[in-house]
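Trainee: Please take me through one part of this model closely. I would like to look at its aromatic residues, and then at a pocket.

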Amino acid sequence: MNLPQDFADSMKELLGAEEYEAYLNSAGQERVHGLRVNTSKITVEEFLKLTPFSLEPIPWVENGFFYDDSQAVTKHPHYHAGLYYVQEPSAMIPADRLPVKEGDCVLDLCAAPGGKATELGAKLKGTGVLVANDISNSRAKGLLKNLELFGLPDILVTSESPQKLLPYFKGFFDKILIDAPCSGEGMFRKDPAMIKSWIEHGPEYYAGIQKEILLMAADMLKPGGLLLYSTCTFSALEDECSIATLLSERMEFEVIPMKGYKGFDKGIPGAAGGDEQLRNCVRIWPHKMAGEGHFAALLKKNGDFVATDTGAKTKKKKQVLPKECQEFFDQYLRLDFTDRNITVYDNRVYAIPKALGNIRGLRFLRTGLYLGEIKKNRFEPSQALAMSLKRDQAVYSISFSGSDERTVKYLKGETIELEDAEAKGLKGWILVCVDGYPLGFAKAANGSLKNKYYPGWRLQ
């Protein structure tokens, strides 16, 4: 690999001559591949019994596994059921080490394409709220798909700058994750094109952006809350120096230890003014662990909690689904959304987490769970609703195996023919599953299933 001289010199200084040679050797090796189980849908134990793939545990995260790239994991129906996310193994660490608990209000500030946001949302287990933001609207669209594929109901997907979010969410979040835009030095082996990008925009370019993001995020965190900052780069200017800036400008913050692993290195205080608490940062090197490398720092915001007004007050009223929607729920589903605010916009029905205040003026792609649309006095359920369900919450359902050719036909949007025994008792809207896990809806008619799988997700 032809590395820029400035980068090579900085790595020699960080690692020392001998360890730098080990890094260079790792750069010539094959990269490793990983997937992370969606524990909001399936336990790790259940997944291992179900999956046809040969997997090896990733030792630093409980729900991560190495797989051989010859296995087509993104083409299997279990992927389209949202049972796992394909992710670089060292990139699994930040969301794993941010201790999200049920009921938390969580922000992933630079969230696209969703590798970390999906894990944060899975930890919430259908409670609290996850605000997933990416300043790029096009990237935020991919982020939304991944969150809905994972079946996460309590989400707000925004496409804003941190400056725009701050007035809405000052002191609001229990947990914040910032996987900051960076020079991507840890991506050189995975994507050699990043080397050209580094030459054009190196650490100096990103350092200022990162520090601004950190300071804005700090003000959106509650006292007592936790913030995890991470990058996929090795530059101390983007890593320890960014944390040092936060510590100097927000004195209430401290770097706290996170769960370790034998391959983790400590942060380097000498690279950023010598503050010893920077040793609690974590450096992950590709020559010491099976991954591309990462940096992570877990920070606590000290101080007394003060309740924050996050939006205009609205008069409380009983939450009622539109008549057409309620009739559908009564006939086809075994659940309700009385614990959420119901909103209808342009005949589209949404169930919104009550934790959210007034967000008028924000550019968002989704607020809450999109339930479906009212069309000509009838209700049509959404793909997002299907993915958020468990099979036993549907009155009528059918499940095909992952190896059944009809499963792939369904994912392609084709009509599915049923055997007489399969069609017995099915009527109206059907939840179609693979090995018991939802893929989407269909409508039963004359021994077949009229496909309602979302066209934008269909296999080509």
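**Aromatic pairs and a pocket**

Mentor: Phe169 and Phe173 are both buried. Keep in mind that this is a predicted model. The two rings have their centres 5.2 Å apart. Their planes meet at 40°, so Phe169 and Phe173 make a tilted pair. A search of the whole structure finds 30 aromatic pairs.

Now take Tyr454 and Trp457. Their ring centres are 6.2 Å apart. The planes stand at 85°, so this pair is edge-to-face. Tyr454 has 43% relative accessibility, so it counts as partly exposed. Trp457 has 8% relative accessibility; buried means under 20%, so Trp457 counts as buried.

Aromatic residues also gather in a group. One aromatic cluster is formed by Phe328, Phe329, Tyr332, Phe337, Phe379, Tyr396, Trp429 and Phe441.

Next, the pocket. The second largest pocket has a volume of about 1,000 Å³. Its lining has 41 residues. Nearest the centre of this pocket lie Cys110, Ala112, Pro113, Arg139 and Asp179. The lining divides into 22 nonpolar, ten polar and nine charged residues.

Which elements supply this lining? Strands E1 (33-37) and E4 (84-86) each give at least two residues. H10 gives the most to the lining of the second largest pocket, with three residues.

Key. Residues are numbered from 1 along each chain as its sequence is written. This is a predicted model: local features need pLDDT of at least 70, side-chain atom pairs count only at pLDDT 80 or more; totals for chains, interfaces and linings use all residues. Side-chain values use heavy atoms; hydrogens and water are left out. On a 1 Å grid over the protein atoms alone, a cavity is a set of points where a 1.4 Å probe fits but cannot get out, and a pocket is an open set with protein on both sides within 12 Å along at least five of seven lines; lining residues have an atom within 4 Å of a point. Grid points are joined across faces, edges and corners, and a volume is the space filled by probe spheres set on the points. Helices (H or I, at least four residues) and strands (E, at least two) are DSSP runs, numbered from the N terminus. Ala, Val, Leu, Ile, Met, Phe, Trp, Tyr, Cys and Pro count as nonpolar, Asp, Glu, Lys and Arg as charged, and the others, Gly among them, as polar. Rings of Phe, Tyr and Trp (its six-membered ring) pair if their centres lie within 6.5 Å; planes under 30 degrees apart count as stacked, over 60 as edge-to-face and the rest as tilted. Buried means under 20% relative accessible area, exposed over 50%, partly exposed in between (1.4 Å probe, protein chains only).
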